[in-house]
Amino acid sequence: CSLCDSVIGLMLKFDENSPEDIDCSELCPFEIRSCMSVCSSLVHALAVSSRYPCVSIGMCPDLDEFGQLPKCELKMPFLQCEPANMCFLKPGFPRPKCELLPGFANWEKWKNI
């Protein structure tokens, strides 16, 4: 899920064109096979699906399992974020915090346009 989220985050950040215009070889360093495969699946999902693309291609759990996007929470004493597949730990002072993965956050902005 994190690889997919990273790729979709890059797509949404750097490419404001239609999905057909996305060039996976520009997004994937050295055209790494796993990245290219995920990227081409995402391009197709962006073109034909209204769901979060990583969910559409089966790399992330369906958002409906959680209802709305969950609020990321910091669990002590091990400093883990919940839900782990949608959140990451962001260092901070005096205490780190948990935030939604960038791809999910960007998708929320884009789907409401």
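Predicted model: local features only at pLDDT ≥ 70, side-chain atom pairs only at ≥ 80, totals over all residues.

Me: Ok, and which cysteine does a disulfide join to Cys-39?

Reply: Cys-39 is joined to Cys-24, with 2.1 Å from S to S, a disulfide being a pair of cysteine sulfur atoms within 2.5 Å. The two are 15 residues apart, with Cys-24 in helix α2 and Cys-39 in helix α3, so the pair links distant parts of the chain, where helices (H or I, at least four residues) and strands (E, at least two) are DSSP runs numbered from the N terminus. The link is left-handed, with -85° about the S-S bond, and Cys-24 is buried too, because its relative accessible area is 10%.

Me: How many disulfides does the count come to?

Reply: The count comes to 3 disulfides. Another of them joins Cys-72 to Cys-87, with 2.0 Å from S to S, and this link is left-handed at -80° about the S-S bond. Cys-72 lies in the loop between α4 and β1 (73–75) and Cys-87 lies in strand β3, so the pair ties together parts that are 15 residues apart in sequence.

Me: And what about Cys-81, which residue is it joined to?

Reply: A disulfide joins Cys-81 to Cys-98, with 2.1 Å from S to S, and here the left-handed link has -90° about the S-S bond. Because Cys-81 is in strand β2 (residues 80–82) and Cys-98 in strand β4, this pair ties together parts that are 17 residues apart in sequence.

Me: Switching to the strands, in which sense do β3 and β4 pair, parallel or antiparallel?

Reply: Strand β3 (residues 87–90) pairs with β4 in the antiparallel sense over 4 bridges, and two strands count as paired if DSSP finds at least two bridges between them. They form a hairpin with 6 residues between them, and Cys-87 stands opposite Leu-100 in β4.

Me: Where is Cys-28, and what does it touch?

Reply: Cys-28 is in the loop between α2 and α3, and it counts as buried because its relative accessibility is 2%. Leaving aside neighbours within four places in sequence, Cys-28 is in contact with Cys-35, Met-36 and Cys-39, contact meaning heavy atoms within 4.5 Å.

Me: Last topic, how many residues does the largest nonpolar core have?

Reply: The largest nonpolar core has 28 residues, and those with the most contacts inside it include Val-7, Ile-8, Cys-39, Cys-54 and Phe-104; such a core is a set of buried Ala, Val, Leu, Ile, Met, Phe, Trp, Tyr and Cys residues joined through side-chain atoms within 4.5 Å. At least two residues of this core come from each of α1 (2–14), α2 (24–27), α3 (33–48), α4 (53–56) and β4 (97–100), and the largest share, 6 residues, comes from α3.

How values were computed:
Residues numbered from 1 in each chain as written. Heavy atoms only, no water. Buried < 20%, exposed > 50% of the residue type's maximum accessible area, 1.4 Å probe, protein only.
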